[in-house]
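Please look at the sequence and the structure before reading on. The text below goes through them step by step.

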2 protein chains.
Amino acid sequence: MFSKATEYALRATIYIAQRSSDENKPGMAEIAKAIDSPQSFTAKILQLLTRNNRIVSSVRGPNGGFFLTDKAKKLPVRSILEAMGEDEVLEKCVLGLKQCSEAKPCPMHTNYKLIKGQLIDLFETKSIQSLADEFENGGAKLNNRIK
Amino acid sequence: MFSKATEYALRATIYIAQRSSDENKPGMAEIAKAIDSPQSFTAKILQLLTRNNRIVSSVRGPNGGFFLTDKAKKLPVRSILEAMGEDEVLEKCVLGLKQCSEAKPCPMHTNYKLIKGQLIDLFETKSIQSLADEFENGGAKLNNRIK
DNA sequence: ATAATTAAGGACAAATTTATCCTTAATTAT
DNA sequence: ATAATTAAGGATAAATTTGTCCTTAATTAT
């Protein structure tokens, strides 16, 4: 559904949201290991997310790392997609037609409409914080390891 | 959601399903024009779909072209995804985790589960024929042209 | 039979995505 | 102040996807 870059962005952001505090800010090595992603590539992605501190914030130097402000934690998950320039996936026509709309529907349009609405609602309603909570308390995983 | 190749595959198959008959088999030039896709690339894709006549059938020579057997028209839309090797998109974890499951859910898993079920159901229930009917009678479009 | 037409398929090219490595800049601890 | 640590950013490479072009093979019409 999403590019690998966006998948890493989602996993990294959720991880950072749950693990960061004033005393502790996970660094690149820790994050990449925790979410099963290539470190350097993930670093590039976090650079996108830290632009203007839109989603993620960072500090350099010893004990530096990444964190989310309380404000950022309340952002909808969709904002991560937006920062990655991939939010249009939610609205996109299944057949890839630019002109597809209620007025000019593709053959899948009416069938897919309801699902699309739920998908948009999910990404706009769920906050980054709520997913971090699932990770912390719900036993949810962010990597592919067995144990 | 899907690759361009799969989008073209879906559009082309629906078009062929609706336009082909014993007397008339659309050719590559007509198909590519009708669905707004690059002709040579679409030709490659139709080669995949015609392998073993799984989805699409073809005849070469004058008045040749592509068509769907009645049996093929009854196939679920999902079979097109399968022929393109892209059906796992339907089952895939939103965060891209291979191990994501009911037992080891990612933070999005429970939220996305219902939507995923509907998506799978849509692609498994809808037949190629039913989409061709939408194209024929429902005024549905397969290209990006204004009029 | 021959020529015309059309899909099949191979080779290759362009564009995009994914990924790595190395240097620079900022910050902190000593 | 200095050295150590860590993110930022540039350059580049590998892999994949998207796309084109040309030749071959099959089929049909004449």
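What follows describes one chain, then a pair of helices, then the contact between two chains.

The model is a predicted one. Start with chain A, whose secondary structure consists of eight helices and two strands. Read from the N terminus, the elements come in the order α-α-α-β-β-α-α-α-α-α. Along its principal axes, the C-alpha trace of chain A extends over about 55 × 30 × 30 Å.

One salt bridge in chain A connects Asp36(A) with Arg145(A), with 2.8 Å between the closest N and O atoms. Counted over all chains, the salt bridges come to 14.

Now turn to chain B and two of its helices, α2 (residues 28-35) and α3 (residues 39-50). How do their axes cross? They come within 9 Å of each other and cross at roughly 110°. An angle from 65 to 115 degrees counts as roughly perpendicular, and α2(B) and α3(B) are therefore roughly perpendicular to each other. On the α2(B) side, the residues that meet the other helix are Met28(B), Ala29(B), Ile31(B), Ala32(B) and Ile35(B). On the α3(B) side they are Gln39(B), Thr42(B), Ala43(B) and Leu46(B). Sorted by type, the residues of this contact are seven nonpolar and two polar, with no charged ones.

The size of an interface is often given as the accessible area lost when the parts come together. For chain A and chain B, the buried area is about 3700 Å², and 64% of it is on carbon and sulfur atoms. In this interface, 39 residues of chain A are in contact with 40 residues of chain B.

Which kinds of polar links are found between chain A and chain B? There are two salt bridges across the interface, and 13 residue pairs are in polar contact. One salt bridge joins the side chains of Glu7(B) and Lys92(A), at 2.7 Å from N to O.

On the side of chain A that touches chain B, the elements giving two or more residues are α1 (4-19), α7 (109-125) and α8 (128-136) of chain A. Of these, α7(A) gives the most, with eight residues. The residues on this side of chain A divide into 22 nonpolar, eight polar and nine charged.

Note on methods
Residues numbered from 1 in each chain as written. Chains lettered and ligands numbered in written order. Predicted model: local features only at pLDDT ≥ 70, side-chain atom pairs only at ≥ 80, totals over all residues. Heavy atoms only, no water. Axes fitted to C-alpha atoms, helices over the stretch in contact; angles between N-to-C directions. Helix = DSSP H or I, 4+ residues; strand = E, 2+ residues; numbered from the N terminus. Parallel < 35°, antiparallel > 145°, perpendicular 65-115°, else oblique. Contact = heavy atoms within 4.5 Å. Nonpolar A, V, L, I, M, F, W, Y, C, P; charged D, E, K, R; others polar. Buried area = accessible area lost by both parts, 1.4 Å probe. Salt bridge = Lys/Arg side-chain N within 4 Å of Asp/Glu carboxyl O. Polar contact = N/O pair within 3.5 Å; in protein donor to acceptor, adjacent residues only side chain to side chain.
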